[in-house]
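Thanks for coming. Please have the sequence and the structure open while I talk.

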Amino acid sequence: MATVGRGTWWIVACLACGGAAPQAANADRLAEICRTTTNMGDGVCACVGDRARSELSEQALAFLVASMDKQEEAAEALKKELTLQEITTAGMFFATAPAACAGAPKGGA
């Protein structure tokens, strides 16, 4: 049995309970990771969390959080449950959401 590391317990707990609560908890954690590991402001990071809640499936968001929180075992276990589309969407999310949240021009005009 793997040892549960820092942060892993709530990812696992959130997946076990289902519904909106785990999605919100993981979105909040993603915003916290954003604030503590990037130079993006609080507003951008809060927006990233909000967008993740609405744009990613519950398990894709949990996978993204586990990956960004360096919870390799949890991320690997979650990855096995995701479709290729969910993995791709989660992988691209943090590359695109911050720019959208920062008000980057959309469509070039």
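First, the conventions. This is a predicted model, in which local features need pLDDT of at least 70 and side-chain atom pairs count only at pLDDT 80 or more, while totals for chains, interfaces and linings use all residues. Residues are numbered from 1 along each chain as its sequence is written, and side-chain values use heavy atoms, with hydrogens and water left out.

Now the make-up. The chain has six helices and zero strands, where helices (H or I, at least four residues) and strands (E, at least two) are DSSP runs numbered from the N terminus. Read from the N terminus on, the order is α-α-α-α-α-α. The chain has 109 residues, and 37% of them count as buried. Buried means under 20% relative accessible area, exposed means over 50%, and partly exposed is in between, with a 1.4 Å probe and protein chains only. The chain exposes about 6,200 Å², and carbon and sulfur atoms supply 57% of that. Those areas come from the Shrake-Rupley method with a 1.4 Å probe; for residues, only the protein chains shown count as cover.

On contacts, meaning heavy atoms within 4.5 Å: among those in the chain between residues at least 6 apart in sequence, 66% join residues at least 24 apart.

Next, the disulfides. How many does a search of the whole structure find? It finds two, with a disulfide taken as a pair of cysteine sulfur atoms within 2.5 Å.

Cys34 and Cys45 are both buried.

Another disulfide joins Cys47 to Cys101, S to S 2.1 Å. Cys47 lies in helix α3 and Cys101 in helix α6 (residues 84-101), so this pair ties together parts that are 54 residues apart in sequence. About the S-S bond of Cys47 and Cys101 the torsion is about -75°, so that disulfide is left-handed. Is Cys47 buried or partly exposed? Cys47 is partly exposed, at a relative accessible area of 23%, and Cys101 is buried, at 16%. With the bonded cysteines numbered in sequence order, the pairing reads 1-2, 3-4.

Now helix α4, which covers residues 58-68. Its buried residues are Ala60, Leu61, Ala62, Phe63, Leu64, Val65 and Ala66. Just after α4, Lys70 takes a positive phi of about 60°.

Which residues make the contact between α4 and α5? I will give the geometry before the list. Helix α5 (residues 72-79) packs with α4 at an angle of about 155°, the axes being 8 Å apart. Axes here are lines fitted to C-alpha atoms, for helices over the stretch in contact, and angles run from 0 to 180 degrees between N-to-C directions. The two helices are therefore roughly antiparallel to each other; the classes are under 35 degrees for roughly parallel, over 145 for roughly antiparallel, 65 to 115 for roughly perpendicular, and oblique for the rest. α4 passes α5 in a left-handed crossing, meaning that the near helix is turned anticlockwise from the far one by less than a right angle, with clockwise giving right-handed. Gln59, Ala62, Phe63, Ala66 and Ser67 of α4 make the contact with Ala74, Ala75, Leu78 and Lys79 of α5.

For α4 and α6 the packing angle is about 50° and the axes are 9 Å apart. α4 and α6 are therefore oblique to each other, and their crossing is right-handed. On the α4 side the contact is made by Ala60, Phe63, Leu64 and Met68, and on the α6 side by Glu86, Ala90, Phe93 and Phe94.

Ala90, in helix α6, is buried with a relative accessible area of 1%. Not counting residues up to four places away in sequence, Ala90 touches Leu56, Ala60, Phe63 and Leu64. Gln59, in helix α4, counts as partly exposed at 30% relative accessibility. Gln59 and Asn26 are 33 residues apart in sequence and 9.7 Å apart in space, C-alpha to C-alpha.
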